[in-house]
Amino acid sequence: MAAQANALSIEELKDKGKVLRRLIIRMTTEAGSGHPSSSLSAVEVVNALWFGGFMKYDSQNPTWEARDRFILSKGHAVPVLYAAMAEAGYFSTDDVMTLRKLGSPFEGHPNMKRLPGIEASTGSLGQGLSLGIGQALGARLNKNGSNVFVVIGDGEMGEGQVWEALATAEKYKLGNLTAIIDQNTYQQTGATKDVLDLGSFEEKISAFGWHTQTIDGNCQKAVVEALEVASKVTDRPKAIISKTKKGFGILPVLEETGDLNYHGKPLSPELAEKALAFIA
Amino acid sequence: MYLGEISGLKVGQATRDAFGEALKELGDKYPEIVTVDGDVGNSTRTEVFAKAHPERGFNVGIAESNMVSVAGGLASTGHIPVVASFAAFLLCNAYDQIRMSIAFPSMNVKMVGTHAGISIGEDGPSQMGIEDVSLACSLPGVVVMVTADAVSTKKATAAMIEYEGPVYLRLGRPNVAEIYSEDDTFEIGKANTIREGDDVTIIANGLMVAGAVDAATKLAEEGISARVIDMHTVKPIDVDAIQKATRETSAIVVAEEHLAHGGLGSAVAMVVSQATPVPMAYVNVGDCFAESGDPQGLLDKYGLTAAAIIEAVKKVK
C-alpha cells in the first residue's frame with residue numbers, strides 16, 4: 001500500500017540500499033551484461049523515493065489510478081529500478097535474476113508493456129522528462145493528487161528535448177513534477193565535463209523557473225532531506241541535482257580494475273564476489 | 001483544373017478543416033480527449049477544439065520532440081491525446097519520440113499530420129510531408145490513414161478516437177473535391193470502392209482519389225472500365241479488396257501524393273506480389289523534393305493528375 005505509512009528511517013534506508021546494491025550486482029553479473037555502475041550511482045535516490053515515504057504506490061495493484069509515478073529516463077540504469085520494485089513486492093528477487101534473458105520481462109531497458117509497474121518505456125535518452133510532464137498534466141486533469149518523479153542522467157542532459165521539457169514544465173507550473181539529475185559525472189566514453197560540459201545544472205535549471213537544490217546524492221540523509229523540501233514546493237516544478245559517483249558503494253573494487261567509469265559492463269563473477277563482500 | 005472537376009465533383013472543405021470541426025464535436029462526447037500542439041494549432045485546426053475546451057488544449061511551443069512525448073505521458077494517465085503538426089515536422093522531427101513514447105509502448109495517441117504532400121503549394125518543400133506515410137508505416141502497431149475528403153475525414157476522426165491504440169492520420173491543406181456523402185460508411189482497414197469497373201483497378205488515397213475518379217471517367221469514354229478504390233487505411237491494408245482486384249481486373253495502378261518508396265504503392269505491391277500478380281503502375285511524387293509554387297501547378301508539374309493516371313493505366317492494361 002501507500003509507502004508513506006511505512007517510511008523507513010535513514011538507518012533502515014541505508015540497510016535497504018545495501019540490499020539494492022547487492023541485487024544490482026548479482027543480476028547484472030548473472031546476465032553477463034548491463035550497466036551496474038550507472039545503476040549504483042542512483043541507489044540513494046531510488047531508495048528514498050520507494051522506501052522513504054515519498055511515493056504512493058501499491059505493488060499489488062500497479063495500475064492504481066492515484067499512484068505516484070516513477071520514470072527512469074536514464075533507462076540503462078534499470079537494474080536499480082528492478083531491485084527496488086522487487087523489494088517493494090512487485091515481483092520476487094529471484095524473478096529479476098532473469099534480467100536480459102530471452103523471454104524475461106526484465107529487459108535491458110524498461111519496457112512498460114511487459115512489466116506492470118514500469119511507468120515509461122525508456123532507453124532512447126532525453127524523453128523521460130517530457131513523458132513525466134504528460135503524466136503530471138494528466139494527473140492534474142484527473143484531480144487525483146498523483147506526483148511524478150523523473151530520474152535523468154547528467155550525460156542525458158545533452159539531449160535538446162530535456163531543455164524543451166524544462167521550459168514546458170515551468171509554463172504549466174507543474175508542482176507535482178520532480179526531476180532528479182543523477183550527476184555521476186561520467187558518460188559512455190568519458191567524463192561528462194570532457195564530452196559536453198553543460199556547466200552548472202542548478203544555474204541553468206533555476207533560470208527556467210524551477211525550484212532547485214544541489215545535494216550529495218550518495219548521502220542517504222541528504223537525499224531524504226532534499227525530497228522533503230521538494231515535497232513542500234507545490235507551485236512550480238522541482239529539480240534535485242544529485243551529485244553522485246558512478247559505481248558508488250563498490251568504488252574500491254572498481255578502482256582495482258583501473259576503470260572508474262566502468263560503463264555498460266557487468267562485474268565478472270570474481271569481481272562481483274569482491275563487491276558483494278565489500279558491501280556487506 | 002482541380003482534381004475531380006472532370007467528373008463534376010464539387011470542391012468541399014480541406015481535410016484539416018473537417019478534422020478540426022469533428023474533433024471539437026468529439027470533445028463534447030469524450031472528456032478524455034486532449035490536444036497537444038507545437039504552436040501550429042491554427043493551421044492544423046486543433047485550435048477549434050482547444051478554444052472549445054481550453055483546459056484540455058496544450059500548446060507546448062515549437063518543440064515537436066517534447067510535444068510527442070508529452071502526448072505519450074498524457075495517454076498513460078488515461079487521456080486520449082491528439083497530437084498534431086505539419087506532417088513533415090511531426091513525423092520527421094519527432095520520429096524517435098513517436099517510436100519510443102508512442103509506438104513501442106502502444107500508447108493510445110492520435111497523431112495527425114496536416115499539410116501533407118506537395119499540394120500545400122507556395123511554402124515549398126521544407127514544409128511538404130512527402131515521406132510521412134512511409135515513416136508511419138514503419139512503426140509496429142500503428143494504424144496509418146490518409147483521407148480523401150471532408151466527409152470521410154470526419155468519420156475517420158471519430159473512428160480513430162474510438163479505436164484503442166496509436167494512429168497516424170494524414171491530412172492536407174487545400175480544399176478538395178467531395179467524394180463521399182454522409183450515408184457512406186467508413187471503417188478503419190476497410191477500403192471503399194468508389195466506382196465499379198472490371199478492366200483495371202485504380203487504388204488511391206488522399207486527394208488522388210478525386211484524380212482516380214476523373215481518370216475513370218475519361219477512360220470510360222474510351223471503353224475502358226476502371227474500378228476506383230479509396231485505400232484510406234494504408235496500414236493495416238485491406239488485403240481482401242486488393243486480392244479481389246487482382247482476380248477481377250487485369251492490372252492495378254496506385255496513385256498517391258507521396259514519394260514512390262514506402263507509401264501506398266509499396267503496401268499494395270506487397271499484397272499483389274503474394275496474391276495473383278498482375279501488372280502494376282504507380283503515380284506519385286517519385287524520388288525527389290518538390291518546389292514552391294501554386295498547388296495546382298505543382299500537382300501538374302509533378303504528375304499528380306488524372307492524365308498521369310490514364311497514362312499509367314494504358315501502360316499496364
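The model is predicted: local features need pLDDT of at least 70, side-chain atom pairs count only at pLDDT 80 or more, and totals for chains, interfaces and linings use all residues. Residues are numbered from 1 along each chain as its sequence is written, chains are lettered from A in the order in which they are written, and side-chain values use heavy atoms, without hydrogens and water.

Ser242(A) belongs to strand β7 of chain A, residues 238–243. Helices (H or I, at least four residues) and strands (E, at least two) are DSSP runs, numbered from the N terminus. Apart from neighbours within four places in sequence, Ser242(A) is in contact with Val45(A), Ile180(A), Ile181(A), Asp182(A), Gln183(A), Ile215(A) and Gly217(A). Contact means heavy atoms within 4.5 Å.

Helix α4 of chain A, residues 78–88, is also mostly covered, with 10 of its 11 residues buried. Among the buried residues of α4(A) are Val78(A), Leu81(A), Tyr82(A) and Met85(A). The elements they pack against are α1 (10–31), α2 (36–40), α3 (43–51) and β1 (69–72) of chain A. After α4(A) comes Gly89(A), with a positive phi near 100°.

Next, the interface. Chain A gives 26 residues to the contact and chain B gives 25 residues. Between them the two chains bury about 2000 Å², 58% of it on carbon and sulfur atoms; buried area is the accessible area (1.4 Å probe) that two parts lose on being put together, summed over both. On the side of chain A, Gln127(A), Leu141(A) and Glu164(A) lose the most area to chain B, together 23% of what that side buries. Between chain A and chain B, 17 residue pairs are in polar contact, both residues at pLDDT 80 or more. A polar contact is a pair of N or O atoms within 3.5 Å; within protein, one must be able to donate a hydrogen and the other to accept it, and residues adjacent in sequence count only if both atoms are side-chain atoms. The elements of chain A that give two or more residues to this side are α5 (128–142) and α6 (160–171), and α5(A) supplies the largest share, 10 residues.

Which charged pairs form salt bridges? A salt bridge is a side-chain nitrogen of Lys or Arg within 4 Å of a carboxyl oxygen of Asp or Glu.

| Pair | N to O distance |
|---|---|
| Lys14(A) and Glu11(A) | 3.6 Å |
| Arg45(B) and Asp17(B) | 2.4 Å |
| Arg99(B) and Asp96(B) | 4.0 Å |

Arg45(B) lies in the loop between α2 (41–44) and α3 (46–52) of chain B and Asp17(B) in helix α1 (residues 15–29), so the pair ties together parts that are 28 residues apart in sequence. Lys14(A) and Glu11(A) are both in helix α1 of chain A, 3 residues apart, about one turn of the helix. Arg99(B) and Asp96(B) both lie in helix α6 of chain B, residues 95–103, 3 residues apart. Arg99(B) is partly exposed at 45% relative accessibility, as is Asp96(B) at 28%. Glu196(B), Arg227(B), Lys244(B) and Glu248(B) are linked in a network of salt bridges.

Note on methods. Buried means under 20% relative accessible area, exposed over 50%, partly exposed in between (1.4 Å probe, protein chains only).
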